[in-house]
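Reader: I should like to learn how to read the features of a structure, one after another. Where shall we begin?

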Amino acid sequence: DGVSTVYSLTYSDEALGFVGGVFAGLLATDNRMSGDLENPTVGLLAGTPYPQMDNLIHPGYAAGAHYVDPNINVLYAAVGDWNDPNRARDLALNMFGRGTTAIMSITGGGDPGVHRAASETARFAVAVNTDQNANMPGVILGSVLKRLDNSIFSVVEAAMAGTLPYGTNETAGVAEGAISISDSDLYRQLVPESIRNALDDVTAKIASGEIDLLALLAAELAD
């Protein structure tokens, strides 16, 4: 901020976590998809702890799951490394063994281990940043995207119009089209329509401001 010739754009990590948490929560509370419907549980795995994970993604994910059902259990663990698929698989297997329906994995090179664990236990994984559904169809059911394409287009459009606010740092999330679930053919084929519609309803409420992400995030951090 404050450099008059520079414009910065960051992505809303709390929105990324929230959308992933809602999606996982919808899976965990659906009688066709849940690993333990009486005790719905979702998981989040990180490579290592870091500020965005601790302060934004993890509480955002928990807030999303709890928006679906306040009684959902949210498990969290860090691998301790960004390139250890074996350790990531072990942690994921532990979570799945405790009734977890879906795990959102942000473990870098550990992600394939999480996806393998989901496949081995007939459970599910949620990917981030790029559309990874085709990497393991029926296992990776959703990918929460950071839409670089939309963001770059909006920034270039504003710059050409002379309205880009140089000297500021803005955050782009759901309302700006920067964070969304991948609406791929596999997503539409493999995720029940009722879950897709429920997630669409939530993202529309985020975009309209009806859902106050910052308030929900603060409530999770206060617990």
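This is a predicted model: local features need pLDDT of at least 70, side-chain atom pairs count only at pLDDT 80 or more; totals for chains, interfaces and linings use all residues.

Reader: Which residues make the contact between H1 and H7?

Author: The general idea is that an α-helix has 3.6 residues a turn, so residues three or four places apart point the same way. From H1, the contact is made by Phe18, Val19, Val22, Phe23, Leu26 and Leu27. H7 contributes Ile195, Ala198, Leu199, Val202, Thr203 and Ile206.

Reader: Is H1 enclosed or open, and what span should H1 have?

Author: A residue is called buried under 20% relative accessible area. In H1, 16 of the 16 residues are buried, so this helix is largely enclosed by the rest of the structure.

Reader: How should I read a sheet?

Author: Strands of a sheet pair through backbone hydrogen bonds, either parallel or antiparallel. Here, six strands form an open sheet with mixed pairing, in the order S3-S2-S4-S5-S6-S8. Strand S3 (73-78) and strand S8 (179-181) are at the edges; each has a single partner strand, so one side of each lacks a neighbour in the sheet. From one strand to the next, the twist averages 20 degrees.

Reader: In which sense do S2 and S4 pair, and over how many bridges?

Author: Strand S2 (residues 41-46) pairs with strand S4 (residues 100-106) in the parallel sense, over six bridges. Alanine 46, for instance, has isoleucine 106 in S4 as its bridge partner. Helix H3 (residues 85-97) packs on the sheet, where it touches S2, S3, S4 and strand S5 (124-129). The direction of H3 makes about 155 degrees with that of S4.

Reader: What can be said of S5?

Author: S4 and S5 also pair in the parallel sense, over three bridges, and methionine 104 has valine 126 in S5 as its bridge partner. Five of the six residues of S5 are buried, so this strand is largely enclosed by the rest of the structure. Asparagine 129 lies in S5 and counts as partly exposed, at 37% relative accessibility. Its phi is near 80 degrees, a positive value in a residue other than glycine.

Reader: Where is alanine 122 found?

Author: Alanine 122 is in the loop between helix H4 (111-120) and S5. Its phi is positive, about 60 degrees, although alanine 122 is not a glycine. With a relative accessible area of 62%, alanine 122 is exposed.

Reader: At what angle do H2 and H8 pack?

Author: Helix H2 (residues 51-68) and helix H8 (residues 213-222) pack at about 100 degrees, with their axes 8 Å apart. That makes H2 roughly perpendicular to H8. Among the residues of H2 in this contact are Leu56, Pro59, Ala63 and Tyr67, while H8 supplies Leu216, Leu217, Glu220 and Leu221.

Reader: What does leucine 56 touch?

Author: Leaving aside residues up to four places away in sequence, leucine 56 touches Asp13, Glu14, Pro51 and Leu217. At 25% relative accessibility, leucine 56 counts as partly exposed.

How values were computed. Residues are numbered from 1 along each chain as its sequence is written. Side-chain values use heavy atoms; hydrogens and water are left out. Two strands pair if DSSP finds at least two bridges between them. Helices (H or I, at least four residues) and strands (E, at least two) are DSSP runs, numbered from the N terminus. Axes are lines fitted to C-alpha atoms, for helices over the stretch in contact, and angles run from 0 to 180 degrees between N-to-C directions. Contact means heavy atoms within 4.5 Å. Buried means under 20% relative accessible area, exposed over 50%, partly exposed in between (1.4 Å probe, protein chains only). Angles under 35 degrees count as roughly parallel, over 145 as roughly antiparallel, 65 to 115 as roughly perpendicular and the rest as oblique.
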